[in-house]
Amino acid sequence: MTEEELARLAEKLDLRQRIRLLTGATTWRTHAEPVVGLAEMTTSDGPAGIRGEAWDERDTSLLLPSASALGALWDDGLVERLGGLLAAEAHRKGVDVVLAPNLNLHRSPLGGRHFECFAEDPLLTGRTGAALIRGIQRHGIAATAKHYVANDSETDRLTADVRVGERALREVYLAPFEAAVAAGVRVVMTGYNGVNGTTMTESPLLAEPLKGEWGFDGVVVSDWGAVRTTAPSARAALDLAMPGPGGPWAEALLRAVESGAVPVDAVDDKVRRLLRLAEWVGALGEGRGDNSVAGEGTSVGREGSVRPTTVYAGRDDFGGCGDSVGASEASTRRDDSVGPAGLSAGRDEVVGSPALSVERGDWVRLPAPSAERDDSVRPSAPFGEHDAAAQPSVLAAGRHDAVGWSAPCAEREAVGRSSGLSGERESAAQSSALSAEYEAAVRSSAPSAERKSSVESSVSSAERGLLRQVVAAGSVLLHNRGVLPLDREELGTVAVIGAHAAHPRTQGGGSAGVFPGRVVTFLDGIRRELDGRATVVHVPGPALDAPPPPLDASRCRDPRDGAPGVLLRVLDADGRELHAEHRLSGRLLEPPQPPGAHTVEISALLPSGSGGPWCFGVGGFGRMTLTVDGRDLIDDEFPPLTGDPAVLHVNPPGQYARTEVPGGKDLHVVARRELAPGTGRATVLSAAPPEPAPDAAVAEAVVAARRADAVVLVVGATENSESEGHDRTTLALPGHQDDLVRAVCAANPRTVVVLNTGSPVELPWRAEAGALLLTWFPGQEGGAGVADVLFGHVEPGGRLPTTWGAALGDVPVSRTRPEHGVLDYTEGLHIGYRAWLRAGREPAYWFGHGLGYTTWAYEGLTVLAEAPAAGREGGSGSGTADAVRTVRVRLRNTGRRRGREVVQVYLARPVSRVDRPLRWLAGYASVEADPGEEVTVAVRVPRRAFQHWCEEDGGWRTEPGEWLVLAGRSAGELPLRALVDDHHLDLGVSRYDA
């Protein structure tokens, strides 16, 4: 559709209709407009997976490794394949816009959302983000570059004003977003923070350089709840205020335009951008936007036709490729007939009975959650996975508006249980004051067996295989004293030690969380690998000194019917039951709110084991109570201390109490919270048994280590230590894990320490470990991928995307707390390895570091110029031809097995009139070789790598004179170097041989 056609389409809408489009219709959807054939567009968080619109543990998703693990890949092609996998999941979930990638930087290792960002370096972040964008968008799903810009920490993130110089802003923090625009990204999301005195939803940076200089023609959306004003934000280049309905725009924006405070032209530009996005994702066309129900098992095509819904069946490459795809190809619009691996493209949302939920106090329509997996048709899965996809009994909600109750919600049968309400539950529901329409909504439309089977087939062995491959490829071997790989033939007993071995941290906390259908633990993977070969002994070690985790189906039973899980009830002000359902988790972020809802209650039967001092908790805000066998443990008012949506709605704080309980009985635990405006509705019930004495737990681990032929010791982060909404205050491992590592390594030198963290931690014992393997938050297939590495089936392929300091006190840039509302980036260009180099300090492990199972010798380097490349190169954003240099590095595999090496090229300026890092990453490429083989890898270096931003001229400039080109395997290990002068930046060859 041409720009003229889009303009004519927009002219069909009156001012009120146009303004209505600029605020969300629900938390996750935009408005439809039948007058112009515009359907709703659905968004969902990423990049760990595609959750969809509902926080429901029964609606499962594939769980990818954390973004920090993707940054450790240094592999554009593999990241692009993961983007294809996310696109497939988005199609399956009925999502048009994926809210990923996060292009903020690892400025400080204390950043709470560190795990959700790729790297500390702008080039690595930009290339990784661009690859993920290409992979997502090549299948017609829009990607979102977030959070524009300098939203690099969580402390006071809603109000913090980041003060950063223009040059650092351009060269460091804006650079990854520039690369995203060059890759064709369709959506950019603003951050909550301010930059240089202006909150980002009102920032001039949205116009320049984003929409002007870079030519971004997509949609700029606010982070959820980030719009605080009407006219100032509407006059800025922000296009869409989320969530909805209501908010600072809506009717207030109409009045602002009518009064002349906001130009009509500004509104028209925003509308055209939304229509352009809708046309690109297939949500705009004849017959679209009527939102009519086409019936179960069908979907509405872009031309309004009804066709059977097909689901992604999986394929080996997920649409990825080894070579980078240019921005023009990445921007190709969705094909209406062909999607990834047979997925019908266009808007492939399953249309049927929608579930309904409450957002911002209003009843609004949400999509029916995906059909649940049926264990009877599940393929046999290796590694003893932990299944989180058990069938829920009822998902009840409804919408009440001027025309009465709308369509019913989906009801799903539980495994081994009849569908619908049990007699007791039905009786309780009938005693409530709900209308007949609500009763009908609760009871109707269980998904068909065919639909369940169809969704189950969408989770293929190829998808799981790709996730497993990525775990190994992103795992970083920090050091190895000949312990890895483990030889299965030499092992009689393997001790697997640590609580994380059986209960790994698979993902970070916050709004990007998903519910995996299965998790392969580290213990699962090792047991599977050694099945029939060796004895595997697990010792959990000391407790982690963390709050008790939310209850799950493995630890408790529904007190009403005895099924694994908890009972959720919603009560009115008089305590009458309005709604009840069986759930699989004690962490319920979106309990239904039927009319008259006053209290949310979660209850469970919990075996007390041998008894002793148990810890119980209830999470949420407002009036909360917690009882155990009728005894009050907590009864108080807990008002919100922040308006941060991640805290209110995703990670509400818990209130805890300890009590002695007798052994050998079932404890009846009941948590209640009252619903009140401004407090959210997330409710959490948690519990933990008595913790063993730390010294005794360490001693038990030492005994197991001494008796074993090898030890795999897993340590890491806790549930709340790395999360959106707060920054860390320490880099120390929680609890007594440091003591555990020292004791176990002393007992058995053949100890592999596996780190299960999303960001750097202090490793005071690192020299004592036989091997040290960093696995990040590895996602659902973590145990399988790590077992592949431990036993030598594949190399650990990862390289550090961020520098690891030995101690927090050594880190040159660590501050995340604003002072008087201001967070000053006084370090300028010098973050990450650049800051370490400037300070003259030696970290524990340099940016780019990572070992494999072979060794390499760097033997020669040649620098030459290529002809200018048309268009933008590497996100230069110049809009003109951009010459590229090629650095050819000759190296040899000097080890005994085939391996992969990531060759990194850095630039330095021996003499400069402007402030520069001591050296900076300019390009990288990987190469594989057999033992003894010599290979040459070509690393392309864009002209931008030689340029600096000139604040006086407002443009990019290249200093004349000599440049130092360095090549090697990390920022701290660069054995090859060559000098080139400014003439060689345009033509010539410089050669260096080791």
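## Helices, strands and overall packing

The chain holds 23 helices and 43 strands; both are DSSP runs numbered from the N terminus, a helix being H or I over at least four residues and a strand being E over at least two. This is a predicted model, in which local features need pLDDT of at least 70 and side-chain atom pairs count only at pLDDT 80 or more, while totals for chains, interfaces and linings use all residues. Residues are numbered from 1 along each chain as its sequence is written, and side-chain values use heavy atoms, with hydrogens and water left out.

Of the chain's 994 residues, 64% count as buried. Buried here means under 20% relative accessible area, with exposed over 50% and partly exposed in between (1.4 Å probe, protein chains only). Among contacts with a separation of 6 or more, 76% are between residues 24 or more positions apart; a contact means heavy atoms within 4.5 Å.

Let's start with helix α5, which covers residues 122–137. Its 16 residues reach 22 Å from the first C-alpha to the last, close to the 22 Å expected at 1.5 Å a residue (the expected span is 1.5 Å times one less than the number of residues). Helix α5 is mostly covered, with 14 of its 16 residues buried. At its start, a side-chain oxygen of D121 comes to within 2.9 Å of the backbone nitrogen of L123. This is a polar contact, that is, a pair of N or O atoms within 3.5 Å; within protein, one must be able to donate a hydrogen and the other to accept it, and residues adjacent in sequence count only if both atoms are side-chain atoms.

Helix α6 (residues 166–173) is mostly covered too, as seven of its eight residues are buried. The buried residues are R167, A168, L169, R170, E171, V172 and Y173. Their cover includes α5, α7 (175–182), α8 (207–211), α23 (833–839), β39 (947–950) and β40 (955–958).

## Salt bridges

The whole structure has 57 salt bridges, each one a side-chain nitrogen of Lys or Arg within 4 Å of a carboxyl oxygen of Asp or Glu. One of them joins R134 to E80, with the closest N and O atoms 3.4 Å apart. R134 lies in helix α5 and E80 in helix α4 (residues 76–93), so the pair ties together parts that are 54 residues apart in sequence. Both R134 and E80 are buried.

E781 and R518 also meet in a salt bridge, at 2.6 Å from N to O. This pair links distant parts of the chain, 263 residues apart: E781 is in the loop between β32 (771–774) and α22 (782–790), and R518 is in strand β18 (residues 518–519). Both E781 and R518 are buried. Elsewhere, R113 forms a salt bridge with E116 at 2.9 Å between the closest N and O atoms. R113 and E116 belong to a network of salt bridges that also links K146, E154, R157, D644 and E724.

## Nonpolar cores

A nonpolar core is a set of buried Ala, Val, Leu, Ile, Met, Phe, Trp, Tyr and Cys residues joined through side-chain atoms within 4.5 Å. The largest one has 153 residues, of which L82, Y148 and V149 touch the most other members. Helix α11 (residues 264–281) gives the most to this core, with nine residues. Leaving aside neighbours within four places in sequence, L82 is in contact with L64, L70, L73, L132, L466, L467 and V470. A second, separate core of 35 residues includes A495, I497, V744 and L774.

## Strands and sheets

Strands of a sheet pair through backbone hydrogen bonds, either parallel or antiparallel. Two strands count as paired if DSSP finds at least two bridges between them. Strands β22, β29, β24 and β27 form an open sheet in the order β22-β29-β24-β27, with antiparallel pairing. β22 (587–588) and β27 (654–661) stand at the edges, each with a single partner strand, so one side of each is left without a neighbour in the sheet. Strand β24 (residues 612–619) is joined to β27 by eight bridges, and P613 has E660 in β27 as its bridge partner.

Strand β20 (residues 566–571) pairs with β21 in the antiparallel sense over six bridges, and V570 stands opposite H579 in β21. Their hairpin has five residues between the strands, and in it G575 takes a positive phi near 85 degrees. Seven of the seven residues of β21 (residues 577–583) are buried, so this strand is largely enclosed by the rest of the structure.
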